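Me: Got a new one open here. Can you walk me through it?

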Amino acid sequence: MENKSHAFMAGLFTLVLLATVAASVYWFNRDNRVRVPYDLVSRTNVTGLNPESAVRYRGLGVGKVESIKFDPRTPGQILIRILVNEGTPMTKSTFATLSYQGVTGLAFVQLDDDGHDRTLLPSSEKQVAQLRLRPSFVDELQRRGNNLVHQLEEATSSVNKLLAPENRQAILDSINSVKMAAQSVNRVATQLEPVTQQLPETVRELNGTLAGAHRLTNQLTDPQGPLVRNLDSVGRAADQAASSLAAFQGTMQTFEGSLQQEALPRLNRLSDDLRFTSQAVGQAAETINRNPRALLFGTSPPPPGPGEAGFAWPNGTNGAGQ
């Protein structure tokens, strides 16, 4: 009896100890945080997502997946119940996507916010708010896979047409043309090599010429330079010539006035006197030609005219007979 009582006490102690350990583990591992439920509405695949999967808000752990089930009201639609820590900034512009952890294929819910509407989105057990689960990058690839395959087929067909025998010959001809053009460029470069060797010396000479032209320009534009001084001298000489010409013009005007007022009247009177004198000399010469004696004895008076004393009519007639 005593051995059985010892065995009973040992067994009871073991059971009590196991119960205490289990209670301690449960106490320390239980989640005391307050979490708010939200439903994610998905029309795409949720491969890799399981209950107890993590929920992260921009990379920070904020909750977990509670359940995954079909929506009984909408065929083909999936409802994902997530529990989010209280205080997480869930707004009306918050959205969810599926992300994957490395190469394991395990998915988790990634929450993000585009900032379109900062109004907080309330939720509770009685009225659970819903969020749209946007397609992930993999879903987009799967959705566009057919288009990508079709475009790839078209690209392959285009490459095959491009590499057709007739086109290949055209491509070879183009390559040969490019090759000949490159050879021509090489020959031109070889011919231009002497010129390029002389180019530094030409550049140095050109620099010297430009420097000389620059110095000449500086001399020409220098206010104290010879060109400016010569131009000033020419200007002063021109001013002096203009002054002399003005004085000469004044003198000529004075001379012209004197000539018109004094010399011309005198010349006119002198010419009249010379005319009268020449007429008298002409008459005297004519008289001497008709009667040379007049030079010694003087001229005889002219015969009396009608009505004068000593006038006689020719042929013994008188004026009364007529």
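Me: Is Gln77 buried or exposed?
Reply: Gln77 is buried, at a relative accessible area of 8% (buried means under 20%, exposed over 50%, partly exposed in between, with a 1.4 Å probe and protein chains only). This is a predicted model, where local features need pLDDT of at least 70, side-chain atom pairs count only at pLDDT 80 or more, and totals for chains, interfaces and linings use all residues. Residues are numbered from 1 along each chain as its sequence is written, and side-chain values use heavy atoms, with hydrogens and water left out.

Me: Where does Gln77 sit?
Reply: In the loop between E3 and strand E4 (78-85); strands are DSSP runs (E, at least two residues), numbered from the N terminus.

Me: And which residues is Gln77 in contact with?
Reply: Leaving aside neighbours within four places in sequence, they are Val41, Ser42, Arg43, Phe70 and Asp71. Contact means heavy atoms within 4.5 Å.

Me: Switching to the sheet: what's the strand order?
Reply: E5-E6-E2-E3-E4-E1-E7, an open sheet of 7 strands with mixed pairing (two strands pair if DSSP finds at least two bridges between them).

Me: Which strands stand at the edges?
Reply: Strand E5 (94-100) and strand E7 (129-132). Each has a single partner strand, so one side of each has no neighbour in the sheet.

Me: How do E2 and E3 pair?
Reply: E2 (residues 54-57) and E3 (residues 60-70) are antiparallel, over 4 bridges. Tyr57 stands opposite Leu60 in E3.

Me: Last one: what is Ile82 in contact with?
Reply: Beyond neighbours within four places in sequence, Ile82's contacts include Val36, Tyr38, Val55 and Val109.
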